Amino acid sequence: MRVIRAVPSFDASPMTEPNERNAIVPIKIEDEVRSSYMDYAMSIIIGRALPDVRDGLKPVHRRILFTMYEQANTHSRPYKKSARIVGDVMGKYHPHGDSAIYDALVRMAQPFSMRVPLADGQGNFGSVDGDPAAAMRYTEVRMTQVAGELLSDIEKDTVDFGPNYDGQQKEPRVLPARIPNLLINGSEGIAVGMATRIPPHNLREVVSAAIHLIANPHASLDDLLKIVPGPDFPTGGFMYRLDGIRSAYETGRGIVKLRARTEIESDDRTGKSAIIVTELPFQVNKARLLERIAQMVREKAIEGITDLRDESDRRGMRMVIELRRDMNPQVVLNHLFKRTALETSFGINMLAIVAGQPRVLSLKEILEHFLDFRRDVVTRRTLFELRKAQDRLHILEALKKAVDMIDEVIRTIRASSDGEEARGALMALLEIDRAQAQAILDMRLQRLTGLEINKLLDEMGEVLAFIRRCEEILGSEAELLGVIRTELEEIRDAYGSPRLTEILPISGDISVEDLIDDDDEVVTISHTGYIKRTLLSEYRTQRRGGKGLKGMETKDEDFVEDVFVTNTHAALLIFTTLGKVYTLKVHELPPGGRAAKGKPIVNLLPVETGEKVAAVLPFERFEEGVFVVTATRGGTIKKTPLTAYKN
């Protein structure tokens with residue numbers, strides 16, 4: 001199938017025939033669709049969904065901050081209506097819906113979404129319960145002090161500007177960013193055929209890693225992991241799976257586990273326990289979590305919970321999960337970790353725009369790209385300041401000449417009929433250019449006092465020293481890196497804060513035993529191979545004159561052969577008459593009351609016909625230095641380490 005595209009000619013001559021003005025080009029429809037779709041995909045990838053590795057911002061966030069900068073809506077100025085910011089962003093730079101812009105602005109002001117918020121909001125900006133923010137006509141906002149560091153020196157030709165969507169305004173292609181914002185606040189976005197999910201990090205750790213990389217460009221991943229042990233989420237909590245962290249920092253992709261911060265409180269008066277949740281995993285909705293737990297209690301998927309309360313207030317989060325008196329709180333908590341969002345997985349995919357192309361980056365690569373960008377910014381800033389200083393020195397030199405020849409200058413000016421003639425006469429007298437002559441004409445008579453002349457000479461010395469410093473920075477890589485390092489240290493000292501998310505060096509996997517109470521059990525085995533377990537609490541203490549309790553129901557020809565006390569988490573080594581050994585967990589045995597007969601052990605093990613149980617040995621763990629002694633009817637005996645039966 002083909003599409004006919006009419007390509008208009010640029011020759012607008014009226015003598016040209018219509019079929020000559022428009023060239024008819026046949027194109028295959030699959031080529032047209034492929035080309036159009038790729039154009040669309042790249043506009044989404046570059047222009048909307050993915051952050052830039054240099055300033056860590058998507059276009060909408062960059063445009064919001066630049067608009068606030070233009071409006072002088074800084075941390076030291078009064079708040080402004082959010083609607084005013086959104087309107088300017090949409091009208092000048094971001095031709096999309098106002099709701100998309102306001103949603104981005106709201107997220108920048110949420111302390112539970114951003115590790116270091118970039119907007120300071122006044123009003124309702126949503127909550128961790130998923131409550132939406134108030135309408136933008138009700139809320140007010142301004143930049144935070146840290147956001148100001150993203151725009152620092154933007155007026156000094158540090159970054160490139162380009163036309164906005166209608167060509168009537170200029171907007172920055174990237175912000176000069178003094179902080180590695182991509183790692184500090186992270187980013188999430190879904191583009192076409194790709195997505196990014198970069199977790200937030202601790203500012204102090206990330207900046208320290210960048211400083212370390214300046215001094216040690218060949219630092220290994222292990223060196224950086226000592227400084228940045230892992231992400232740092234604004235909601236705190238715990239994180240584990242160190243192999244996932246290492247994989248993410250090495251390859252750009254990995255999975256970590258997040259767990260809520262909990263503690264168990266006991267009431268001595270009632271004897272009840274309660275699970276208290278004070279911090280949740282990142283992006284977990286508290287209200288939905290409580291609804292999910294309540295639903296599981298109603299469906300009896302979790303036993304032992306008697307009450308759920310949300311006692312959160314301005315002082316912090318506090319969820320209370322009350323338990324029955326007879327429940328083991330740790331077992332209930334393990335069930336909650338296993339089945340609810342108290343424990344979640346966070347998939348890391350560190351995808352960002354590098355030189356106009358999407359790339360998956362390691363931790364070191366992100367830091368290296370940021371430092372390369374800072375080299376460029378500091379170099380451009382130094383060149384700008386050098387030009388300004390040289391222009392100022394140029395004027396100061398003319399003023400000094402004028403002061404040295406002040407009598408001739410005054411006579412020349414008085415003899416001139418107008419400003420233009422005076423300017424030309426001064427240029428000839430002092431051998432200076434037009435700008436210098438104009439500066440002399442603009443000079444006030446106050447500058448001729450002795451004090452002002454000394455100030456002029458002092459300023460010349462300061463400007464000369466500043467020019468020499470700029471030339472040192474531009475002429476030496478070490479000096480340039482020294483400036484970058486000093487600025488990073490200032491950022492770290494000014495905005496650094498302690499880590500919120502605690503990293504646990506554990507696997508964190510919840511086993512079956514973690515979901516079962518560790519109760520004392522009586523295991524009973526009959527001669528014909530029936531086995532059961534019974535809670536020790538079912539056997540009461542016998543008093544004087546007591547006749548005992550029945551411990552097991554058996555057939556007429558059967559009798560109890562073995563009884564021992566163990567616990568639910570223990571294991572059994574079961575030896576058979578064929579010399580084989582099997583392992584069973586005590587909690588895998590069939591439960592039964594005192595009068596129950598139990599179940600045939602052959603139903604629990606893959607035994608052969610005629611194979612019978614010869615001995616059962618309970619143990620809690622495979623320990624070194626513990627042995628099993630085996631003897632046969634024929635008189636053969638041996639001693640085997642217990643660990644030999646581990647597999």
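**View 1. The second largest pocket of the predicted model.** The volume of this second largest pocket is about 510 Å³. A pocket is an open set of points on a 1 Å grid over the protein atoms alone, where a 1.4 Å probe fits, with protein on both sides within 12 Å along at least five of seven lines; lining residues have an atom within 4 Å of a point. Volume is the space filled by probe spheres set on the points, which are joined across faces, edges and corners. P111, F112, V128, G316 and M317 are the closest to the centre among the 20 lining residues. The model is predicted: local features need pLDDT of at least 70, and side-chain atom pairs count only at pLDDT 80 or more, while totals for chains, interfaces and linings use all residues. Residues are numbered from 1 along each chain as its sequence is written, and side-chain values use heavy atoms, without hydrogens and water.

**View 2. The largest pocket.** The largest pocket holds about 800 Å³ of space. Its lining has 37 residues, of which H61, D103, A104, R107 and E188 are the closest to the centre.

**View 3. The largest nonpolar core.** This core has 83 residues, and I64, L65 and L488 have the most contacts inside it. A nonpolar core is a set of buried Ala, Val, Leu, Ile, Met, Phe, Trp, Tyr and Cys residues joined through side-chain atoms within 4.5 Å; buried means under 20% relative accessible area (1.4 Å probe, protein chains only). A second, separate core of 22 residues includes A389, A398, L426 and M460.

**View 4. Surroundings of L488.** Apart from neighbours within four places in sequence, L488 is in contact (heavy atoms within 4.5 Å) with R178, V207, A210, I211, I214, F370 and L371.

Technical notes:
Buried means under 20% relative accessible area, exposed over 50%, partly exposed in between (1.4 Å probe, protein chains only).
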